[in-house]
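Subject: Structure for you to look at

Hello,

Here is the structure I said I would pass on. Please open it first, then read the notes below it.

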Amino acid sequence: MTALDLNALLGTSIAGMTLAKILYALFTLIVCLIVIKAVLKLTIRLLSRSKLDARVQKYIQTGIKLVLYIIAVVIVAESLDVNMTSLVALLSVGSLGITLAAEDILGNVAGGLVILSAHPFSMGDFIEVNGVSGTVQEISLNHTKLLTPDGLLVLLPNKELSSSKVINYTVLGRRRVTQKVTASYDAPTEDVKAACRDALANTPKILEDPASAVYLSNYGESSIEYTVFCWCSAADYWDVYFGLGENLRSAFAGHGVEMTYDHLNVHIVENRG
């Protein structure tokens, strides 16, 4: 094939485009795909060295891949002399509309990324947020699922969750159990404390370190308040809490200490007039 024939072939028009332009666009596409593959490999390598959650790394990779493919489409289209001005304007208006319509969704996604990267809590942790307490069952980009102690499944929006005060009861591995009891003013303080210590000794799953403690914490109108502290593992909290409460009542009875309660005295005045 002579150079003249080759020029004629390259000048052949297909759908209004010359074969030379189509081949150039194809070459541009191949180069873009090679560059995209190299950038994605570099991104994966850098993310693998970071401390980001695996799901966050996956979302970042997906986002970068999407942006790179959009850029590649624009470059290839421009190589074919396609007017991108109208398309870019249309995409801008469309993206603005989608952004306004999906403001809450995007806020939840941003909150989800913050939670997954900051790790304020993990799967299986018992947390409290805005008066709602439960065990974390699932952390997604939009919502976090909590299983409450009474068997309810609560979905909390990540946008609200990431900007709220979060109490994590599990992350340190142990929890302090606090019980408050009242005794009569007639009961000697040491007798009451001895009863509380017996209740602690008879309650299983209490940790020896930190040590348990009993304090006289308040003088009431008709009784003295005592506060009992002990520590246990996070998983044993409710067993220790309720077990100690039952043992305190039994120990008070065994030591002859009266567990006081509020009384209401009613006096009836007879009108003899």
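Lys145 is partly exposed, with a relative accessible area of 26%. On this scale, buried means under 20% relative accessible area, exposed means over 50%, and partly exposed lies in between (1.4 Å probe, protein chains only). Glu138 is also partly exposed, at 35%. Lys145 and Glu138 form a salt bridge, with their closest N and O atoms 3.3 Å apart. The term salt bridge stands for a side-chain nitrogen of Lys or Arg within 4 Å of a carboxyl oxygen of Asp or Glu. In general, side chains of opposite charge can pair when their charged atoms come close.

Before going further, note that this is a predicted model, in which local features need pLDDT of at least 70 and side-chain atom pairs count only at pLDDT 80 or more, while totals for chains, interfaces and linings use all residues. Residues are numbered from 1 along each chain as its sequence is written, and side-chain values use heavy atoms, with hydrogens and water left out.

How many salt bridges does the structure hold? There are two. Lys205 is partly exposed at 45% relative accessible area, and Asp239 is partly exposed at 48%.

Now the overall make-up. The chain has eight helices and 10 strands. Helices (H or I, at least four residues) and strands (E, at least two) are DSSP runs, numbered from the N terminus. Of the 273 residues in the chain, 27% are buried. Among contacts with a separation of 6 or more, 60% are between residues 24 or more positions apart; a contact means heavy atoms within 4.5 Å. The chain exposes about 18100 Å², and carbon and sulfur atoms supply 60% of that area. Accessible areas come from the Shrake-Rupley method with a 1.4 Å probe, and for residues only the protein chains shown count as cover.

Next, the sheets. Five strands form an open sheet in the order β6-β5-β4-β3-β7, with antiparallel pairing. Two strands pair if DSSP finds at least two bridges between them. The edge strands of this sheet are β6 (153-157) and β7 (166-168), each pairing on one side only. From one strand to the next, the twist averages 40°. Axes are lines fitted to C-alpha atoms, for helices over the stretch in contact, and angles run from 0 to 180 degrees between N-to-C directions.

Within the sheet, four bridges join β3 (residues 126-129) to β4 (residues 132-139), and Ile127 stands opposite Gly134 in β4. β3 and β4 form a hairpin with two residues between them, and Asn130 in the turn has a positive phi of about 50°. β4 and β5 also pair over four bridges and form a hairpin, with three residues between them. Thr135 stands opposite Leu147 in β5. β5 (residues 143-147) pairs with β6 over five bridges, and Leu146 stands opposite Val154 in β6.

Three strands form an open sheet in the order β8-β10-β9, with antiparallel pairing. Its edge strands are β8 (174-183) and β9, and its twist averages 25° from one strand to the next. β8 and β10 (residues 224-233) pair over 10 bridges. Helix α8 packs on the sheet and touches β8 and β10, and its direction makes about 25° with that of β8.

Last, helix α2 (residues 19-48), which holds Ile36. Is Ile36 buried or exposed? Ile36 counts as buried, at 5% relative accessibility. Not counting residues up to four places away in sequence, Ile36 touches Leu68, Tyr69 and Ala72.

Leu33 is one of the residues in a nonpolar surface patch of about 620 Å², along with Leu23, Leu26, Leu29, Ile30, Ile34 and Tyr69. Such patches are made of residues with over 30% relative accessible area and no salt bridge; like charges are joined within 9 Å, and nonpolar side chains (Val, Leu, Ile, Met, Phe, Trp, Tyr) within 5 Å. α2 gives the most to the patch, with six residues.

Regards
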